[in-house]
Amino acid sequence: MLILKKNDIPSSEITPKQDYLNRRAFMAGAAAAGLAAVAGTRGLRGMLHPAGVEAAEKLNTIKSPLSTTGEPLTPLEDITHYNNFYEFGVNKDDPAKNAGSLHTRPWAVKVEGLVNKPRTFDIDDLLKLRPMEERVYRFRCVEAWSMVIPWAGYSLSELIKQCDPQSSAKFVQFISLADQKQEPLPWSAGIQWPYSEGLRMDEAMHPLTLLTFGLYGEVLPNQDGAPVRVIVPWKYGFKSAKSIVKIRFVKNQPNTTWNDMASNEYGFYSNVNPNHDHPRWSQKRERRIGFPIWKQMQPTLMFNGYGDQVASLYQGMDLNKYY
């Protein structure tokens, strides 16, 4: 079993901040020693969060039993400087460089489609909708790298219940922000904006599917999908839409960005499956970011290790066909 009991030790104590604070922040602080002395830790943390983050930085979280544990957490510096967020550039360090132009206040998420109670949620209302949980999840990228991240949020199903989906709603689609004033939206990514992702309704309602507002006990950095994203821990990372502005409930399988661009490489379901290779590389092993080089490579787990919780969703499906 990979779902273990609550841990009494906060994640911030498991990995002390001095171990993961951004090296660049210290360099900037050294260059402006007087300002850093006044700003202290808050100033350093602000350098990790680009200027667009305007919310309170700390999140009050409760421990969740729906956590992966027993593995070292990925340092915050890696989580915030090794990102896929193509709205801000195609290189791994581009989002950290460019996401300061994103403004997370005001921010609204519109819920529409096959629901009896269509609504528009202000981000601050979403933050207060349910108690915020800390959940440590494995995060696996289709490019065969992985992290272990202490996310903060609550089950997406809590938001879905607020909108009362109709029985004809079989899928949920997520639309990310596409705003050239805030995002470079590089054409080199080959993407038709806005970014779109989707889940089957039972996947969206699964308790592991997390509506996510933070990590390491603080609000999401812009480059990690601020101010709200989803995390679906048994799927490849691109299924976890960032900077969401719209949620649609639909009858038919929605168009999704990577599946539309290259359906032979990126299936709609995109479950972590070491037995189904990407056309250009094997998925049997992964590189754990933040580990020493000699410890990085490790075997990939079916459903990213969450098979006991989610395998029943796909009973009878050919996962080589519905990849």
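Predicted model: local features only at pLDDT ≥ 70, side-chain atom pairs only at ≥ 80, totals over all residues.
Reader: Are the residues of strand β8 mostly buried or exposed?
Author: Strand β8 covers residues 210-215. A residue counts as buried when its relative accessible area is under 20%. By that cut-off, six of the six residues in β8 are buried.

Reader: Which residue in β8 is the bridge partner of alanine 152?
Author: Let's start with the strands. Strand β5, residues 145-155, is joined to β8 by five bridges, and the two run antiparallel. For alanine 152, the bridge partner in β8 is glycine 214.

Reader: Which residue in β10 stands opposite threonine 212?
Author: Strand β10 spans residues 229-231 and is linked to β8 by three bridges, again in an antiparallel arrangement. Opposite threonine 212 you will find arginine 229.

Reader: Which residue in the turn between β8 and β9 has a positive phi?
Author: Two bridges join β8 to strand β9, residues 218-219, and these strands run antiparallel. Leucine 215 stands opposite glutamate 218 in β9. The two strands form a hairpin with two residues between them, and the one with a positive phi, about 50°, is tyrosine 216.

Reader: Which strand gives the most to the lining of the largest pocket?
Author: This pocket has a volume of about 520 Å³. Its lining holds 32 residues, with Asn84, Phe85, Gly237, Phe238 and Lys242 nearest the centre. The top contribution, four residues, comes from β5.

Key: Residues numbered from 1 in each chain as written. Heavy atoms only, no water. Buried < 20%, exposed > 50% of the residue type's maximum accessible area, 1.4 Å probe, protein only. Pairing = 2+ DSSP bridges. 1 Å grid on protein atoms, 1.4 Å probe; cavity = no way out; pocket = protein on both sides within 12 Å on 5 of 7 lines; lining within 4 Å. Points joined across faces, edges and corners; volume = space filled by probe spheres on them.
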